[in-house]
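These are my notebook entries on a single structure. I record what I looked up and what I found.

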Amino acid sequence: MGDMKNRMSAVVSTDPDLMHGTPCFRGTRVPVRLLLDDLKSGYTVEQFLAGCPTVSREQVERYLELVQDLVTECTGS
């Protein structure tokens, strides 16, 4: 789980002085939850990126890989 935390902290940051501590894509003010909400609503990654130009495709891909790994880890135990 330590490796997962390190990988997550490379993509996601939480700072009580930024967005009230909401987890955001590192270096941005864009909450990671927004990506999941957009995908759930039927938006594509391209549409998300167009609306959040401070987030890179690499950040989105790394975050989605982490979420997938976390789900796999949790269901495999």
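Entry 1. Does T28 count as buried or exposed, and why? The model is predicted, and I looked up the relative accessibility of T28 in it. T28 counts as buried because its relative accessibility is 6%, and buried means under 20%.

Entry 2. T28 lies in the loop between β2 and α2. Its side chain reaches the backbone oxygen of F25 at 2.7 Å. A polar atom of the T28 side chain also lies 3.0 Å from the backbone nitrogen of V30. Leaving aside neighbours within four places in sequence, I found T28 in contact with L18, T54 and V55.

Entry 3. I followed the contact to V55. With neighbours within four places in sequence left aside, V55 is in contact with F25, T28, V30, F48, L49 and V60. V55 is also among the residues with the most contacts inside the largest nonpolar core, as are F25, F48, V60 and Y63. I noted that this core has 15 residues. Helices α1, α2, α3 and α4 each supply at least two residues of the core.

Entry 4. I then examined helix α2, residues 32-40, where the buried residues are V32, L35 and D38. They cover an arc of only 120 degrees around the axis, which puts them on the same side of α2. An α-helix has 3.6 residues a turn, so residues three or four places apart point the same way. The buried residues of α2 pack against β1, β2, α3 and α4. On the other side of α2, I found R33 and K40 exposed. Just after α2, G42 takes a positive phi of about 100 degrees.

Methods:
Residues numbered from 1 in each chain as written. Predicted model: local features only at pLDDT ≥ 70, side-chain atom pairs only at ≥ 80, totals over all residues. Heavy atoms only, no water. Buried < 20%, exposed > 50% of the residue type's maximum accessible area, 1.4 Å probe, protein only. Helix = DSSP H or I, 4+ residues; strand = E, 2+ residues; numbered from the N terminus. Arc of directions from axis to C-beta. Contact = heavy atoms within 4.5 Å. Core = buried A, V, L, I, M, F, W, Y, C linked by side-chain atoms within 4.5 Å. Polar contact = N/O pair within 3.5 Å; in protein donor to acceptor, adjacent residues only side chain to side chain.
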